[in-house]
Amino acid sequence: MKQYDKIVIGIDQSYKRTGITVLGDKQIVKMLSIDYAGCKNNTMKRFELRNELYSLMREVNTQRNTGSKNITVIVERIRLRSQGVLSESYIKSTGALVAAIIDFFYYYNNIPVYSVDTRAWKSAIVGTSKPVDNDYGIDPHKYPTILYMRRMGLLRRIAEPYEGRGKKGVIPIKIEGKKVPCKINDDVADSYCIAMYGYLPKDKQKLKEETF
């Protein structure tokens, strides 16, 4: 059984799609995406997220022989403004999603959950929090993270083969010696960066324990 001195779980949470990365001593243990297929409302999505977290933690526990004190969970901090507008519905619904994560890890093994501001992890890990225009139709705010994943040699870990006719957001990626049109799962990419943030020196981190 492989042992890790430190495990960091990075979560890029949203009701559209949630990306999760588990790193053991900076090495990838697990990367997954929750698409909430079949969920009809936010309540069902929170149940789905908890179920996936339970399955994930059972798997993580087979990968380690360390105590829960060696596990750090980091989510993306709730923005006070969504799309530049103060949105009460966004804050309430996203707060409920984060609370579901907090509650799960509390009941699982009293593991605290921390949050990090988007600009903080992007600046520290990706190298910039500024948007970058591109020719693929990818959100400029997401593109720097994708470039970072490519530099890290992890682009294939976030690539999903695409057979549709659309071209927006599609990048040709070499798989088994052949270029394949792919969509990029930027939520998983973000979760990887959030997890990596947990390995920065303590004096470089701007984490906040969430207890609401």
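Which side chain meets E59 in a salt bridge? The legends below begin with that pair.

View 1. The model is predicted, local features need pLDDT of at least 70, side-chain atom pairs count only at pLDDT 80 or more, and totals for chains, interfaces and linings use all residues. Residues are numbered from 1 along each chain as its sequence is written, and side-chain values use heavy atoms, with hydrogens and water left out. The side chain of K30 meets that of E59 at 3.5 Å, N to O, in a salt bridge (a side-chain nitrogen of Lys or Arg within 4 Å of a carboxyl oxygen of Asp or Glu). K30 lies in strand 3 (residues 27-34) and E59 in helix 1 (residues 42-61), so the pair ties together parts 29 residues apart in sequence. Helices (H or I, at least four residues) and strands (E, at least two) are DSSP runs, numbered from the N terminus. The structure holds seven salt bridges.

**View 2. Salt bridge between R119 and D117.** The closest N and O atoms of this pair are 3.3 Å apart. R119 is exposed at 58% relative accessibility, whereas D117 is partly exposed at 24% (buried is under 20% relative accessible area, exposed over 50%, partly exposed in between; 1.4 Å probe, protein chains only).

**View 3. Salt bridge between K142 and D186.** These side chains meet at 3.5 Å, N to O. K142 sits in the loop between helix 3 and helix 4 (143-151), and D186 in helix 5 (residues 186-197), 44 residues apart. Salt bridges that share partners join R17, K142, D186, D187 and D190 into one network. K142 is partly exposed, at 22%, and D186 is buried, at 17%.
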